[in-house]
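Here is a short tour of one protein chain. Look at the model first, then follow the text from the overall fold down to single residues.

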Amino acid sequence: MVLLFALVGLSCGKQPAGGRVLRLATTTSLKDAGLLDELLPAFEAKTGYRVEVSALGSGKALRALRDGAADVAITHAPTEEQAALAAGDIGRRTPFMHNEFVIVGPANQISVVAGAGNVREALSRIASSGLKFVSRGDDSGTHQRELALWKAAGIAASSSFIMQANAGMGETLERASDEGAFTLCDRSTFLAKQKDLKLAIVFQGDEALRNTYAVIEPKAGAQVNAEGARALADFLLSPEGRAIIGAFGVKASGEPLFTPEAR
């Protein structure tokens, strides 16, 4: 009888973090770049959570969080994130790191955009070059930024020279390499994969290409693991999390691939 009451007490009480699953919906770039392979084991060891990752792209990741199919999300689509926050579809939004987008293209076609003063001019030169551009076409944060850049450059995103990959960043880079085409990519994924590609960075450095990542927690009252979501957000902002982010890529690429946001 004592054992029975003890078991009932355990089943009704708060479950320990150990063994609890935390469902993370994330942009594909973090998986493709390899950062999650560094961050998540450290988080799991510290908290006891077991993280299940779905690499979906930012738009789909936010929808998964909104619909209760994920407990937490990491995205890089500031405009959509702010809209979801204003609509009450998500909870706390915390930017925690950034890098930049770059335009990559065939290594023998760097001259197409050489000397361009800004990203709008670079895209205009690509549009008039007779070469192809591969779009993610997947409602990801990268795709959303690309659409905004085409609009700023006065170029229709439906133009015939733009091919739709409907794929994650890694697959899009591979297609651009195979097709001898340009594409927009986050710097970290490109540097992580460049050895297998016939591509080079052809344009970078415009402030319009800044790429900010945020951890997104669920809205209040959602029937998800909100405690685990807060634990992940806190870890990403902690000295340990920031150190992992700041050091990632230095050994392999000679430079950090992400920069923690200033506290």
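**The whole chain**

In this protein, take the contacts between residues at least 6 apart in sequence: 73% of them join residues at least 24 apart. The model is a predicted one. It holds 12 helices and 10 strands. The chain has 263 residues, and 50% of them count as buried. Along the principal axes, the C-alpha atoms fill a box of roughly 80 × 40 × 35 Å.

**Helix α3**

Start with helix α3, residues 36-47.

Which residues of α3 are buried? They are L36, L39, L40, A42 and F43. These residues cover an arc of only 165 degrees around the axis, so they lie on the same side of α3. On the other side, D37 and A45 are exposed.

Several elements cover the buried residues of α3. Among them are the strands β1 (21-26) and β2 (50-55). The helices α2 (28-33), α10 (226-237) and α11 (239-247) are also included. Just after α3 comes G48, with a positive phi of about 85 degrees.

**Helix α4**

Helix α4 covers residues 58-66. Its buried residues are S58, G59, A61, L62, A64 and L65. They pack against the strands β1, β3 (72-75) and β9 (210-216), and against the helices α5 (78-86) and α7. Just after α4, G68 takes a positive phi of about 80 degrees.

**Where α10 meets α11**

The axes of α10 and α11 come within 4 Å and cross at roughly 60 degrees. From α10, the residues in contact are F235, L236 and L237. From α11, they are P239, E240, G241, R242, I244 and I245. The residues of this contact divide into six nonpolar, one polar and two charged.

V215 sits in strand β9. Is V215 buried or exposed? Its relative accessible area is 0%, so V215 is buried. T75 is 140 residues away along the chain, but the C-alpha atoms of V215 and T75 are separated by 6.6 Å. Leaving out residues up to four places away in sequence, V215 touches V72, A73, I74, R92, R93, T94, F96, A233 and L236. L236 also takes part in the contact of α10 with α11.

H98 belongs to strand β4, residues 93-106. H98 is buried because its relative accessible area of 15% is under the 20% cut-off. Beyond residues up to four places away in sequence, H98 touches R210, N211, T212, Y213, F258, T259 and E261. Two of these, R210 and E261, also make polar contacts with the side chain of H98.

S188 lies in helix α9, residues 187-193. S188 is buried too, with a relative accessible area of 0%. The C-alpha atoms of S188 and V102 are 9.6 Å apart, while the two residues are 86 residues apart along the chain. Apart from neighbours within four places in sequence, S188 is in contact with A33, N99, L257 and F258. F258 is also touched by H98. The side chain of S188 makes a polar contact with the side chain of D186.

| Side chain | Partner side chain | Polar contact |
|---|---|---|
| H98 | R210 | 3.2 Å |
| H98 | E261 | 2.8 Å |
| S188 | D186 | 2.5 Å |

Most residues other than glycine have a negative phi. What is the phi of D139? It is near 65 degrees, a positive value in a residue other than glycine. D139 lies in the loop between β5 (133-135) and α7 (141-153). With a relative accessible area of 27%, D139 is partly exposed.

N166 is not a glycine either, and its phi is positive, at about 50 degrees. N166 is found in the loop between β6 (162-164) and α8 (169-179). Its relative accessible area is 57%, so N166 is exposed.

Notes. Residues numbered from 1 in each chain as written. Predicted model: local features only at pLDDT ≥ 70, side-chain atom pairs only at ≥ 80, totals over all residues. Heavy atoms only, no water. Buried < 20%, exposed > 50% of the residue type's maximum accessible area, 1.4 Å probe, protein only. Helix = DSSP H or I, 4+ residues; strand = E, 2+ residues; numbered from the N terminus. Arc of directions from axis to C-beta. Contact = heavy atoms within 4.5 Å. Axes fitted to C-alpha atoms, helices over the stretch in contact; angles between N-to-C directions. Nonpolar A, V, L, I, M, F, W, Y, C, P; charged D, E, K, R; others polar. Polar contact = N/O pair within 3.5 Å; in protein donor to acceptor, adjacent residues only side chain to side chain.
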